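Thanks for coming. Please have the sequence and the structure open.

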Amino acid sequence: MTTRKLSKSSVWLIAGMTVIAAIAFIFVERPVFSKTNRSDDPMATVNGEPILLSEFQRAVQANKARVIDYFHEKYGAGQSASFWTETYGGETPLERLKKTALEESVNLKVQQLIAKEQGVLTDIRYDVFLQNLEGENERRAKAIENHEVVFGPAQYTEDAYFEYAMMNAVLSVKKNWRNMTGNRTNRS
């Protein structure tokens, strides 16, 4: 293993860029997931399927409280202006948050790919998800207008509908898998 020494100016430049990136990452508002205002930039892929920046940011938001709790419990860290960039026991909250969000994003994409392979989901693109959400909310609005029974909320938020759709996809995949493995054991 070879090591390379950086000049003092390089170290300061890297440190400054890191602080600026961390501050921007922390204070940038979570984008509203809509057709006109979301990031379609892929930030990673799983078997050729993109994980969009908006999907990653959803995971970041979902894991913030968990990371804060982890650092509070493990290191006694409290909220401060430097919390996300401070080092505690060799790790920083911001890096842990990004790592956790990426792992969760990959996990979800793998679940979607499996559901697609099994025919549970026909298309796992995020814009198709948004179209499905819009269609479901329109269906619910018409049902309410016609005084029909609607189970669940009158209108889904994107986060709630995503959780609902993923939960149903996972349950369907498990049911398909049990049926497939049950059929194999019955043949023996």
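Let me begin with helix 3, which contributes the most to the lining of the largest cavity, namely 4 residues. Before going on, the conditions: this is a predicted model, in which local features need pLDDT of at least 70 and side-chain atom pairs count only at pLDDT 80 or more, while totals for chains, interfaces and linings use all residues. Residues are numbered from 1 along each chain as its sequence is written, and side-chain values use heavy atoms, with hydrogens and water left out.

Some terms. Helices (H or I, at least four residues) and strands (E, at least two) are DSSP runs, numbered from the N terminus. A cavity is a set of points, on a 1 Å grid over the protein atoms alone, where a 1.4 Å probe fits but cannot get out; a pocket is an open set with protein on both sides within 12 Å along at least five of seven lines; lining residues have an atom within 4 Å of a point. Volume is the space filled by probe spheres set on the points, which are joined across faces, edges and corners.

The structure has 1 cavity of 30 Å³ or more. The space in the largest cavity is about 90 Å³. Which residues line the largest cavity? They are I51, E55, R58, S105, L108, K109, Q112 and F162. Two or more of the lining residues come from each of helix 2 (53-75) and helix 3 (93-117). Sorted by class, the lining of the largest cavity has 3 nonpolar, 2 polar and 3 charged residues. For those classes, Ala, Val, Leu, Ile, Met, Phe, Trp, Tyr, Cys and Pro count as nonpolar, Asp, Glu, Lys and Arg as charged, and the others, Gly among them, as polar.

Now the largest pocket, with a volume of about 280 Å³. Its lining has 17 residues, and those nearest the centre are L121, D123, F129, N132 and A165. Helix 4 (126-145) and helix 5 (158-187) are the elements that give two or more residues to this lining. Helix 5 supplies the largest share, 6 residues. By class, the lining of the largest pocket has 10 nonpolar, 4 polar and 3 charged residues.

Back to helix 3, this time for the surface. M43, L102, V106, V110 and I114 make a nonpolar surface patch of about 320 Å². Helix 3 gives the most to the patch, with 4 residues. V106 sits in helix 3 and is partly exposed, at a relative accessible area of 31%. Patches take residues with over 30% relative accessible area and no salt bridge, joining like charges within 9 Å and nonpolar side chains (Val, Leu, Ile, Met, Phe, Trp, Tyr) within 5 Å. Accessible areas come from the Shrake-Rupley method with a 1.4 Å probe; for residues, only the protein chains shown count as cover. Buried means under 20% relative accessible area, exposed over 50%, and partly exposed in between (1.4 Å probe, protein chains only).

Next, salt bridges: a side-chain nitrogen of Lys or Arg within 4 Å of a carboxyl oxygen of Asp or Glu. How many does a search of the whole structure find? It finds 10.

One of them joins the side chains of E49 and K116, at 3.8 Å from N to O. This pair links distant parts of the chain, with E49 in strand 2 (residues 49-52) and K116 in helix 3, 67 residues apart. E49 is buried at 18%, whereas K116 is partly exposed at 35%.

E103 and K99 form another, at 3.6 Å from N to O. They are 4 residues apart in helix 3, so about one helical turn separates them. E103 is partly exposed at 44%, and K99 is exposed at 53%.

E91 and R96 form a salt bridge too, with their closest N and O atoms 3.4 Å apart. E91 is buried at 18%; R96 is partly exposed at 29%.

There is also a salt-bridge network, linking E136, R139 and R140. E136 belongs to helix 4 and is buried, at 15%.

Last, the whole chain. The protein chain has 5 helices and 2 strands, in the order α-β-β-α-α-α-α along the sequence. Of its 188 residues, 28% are buried.
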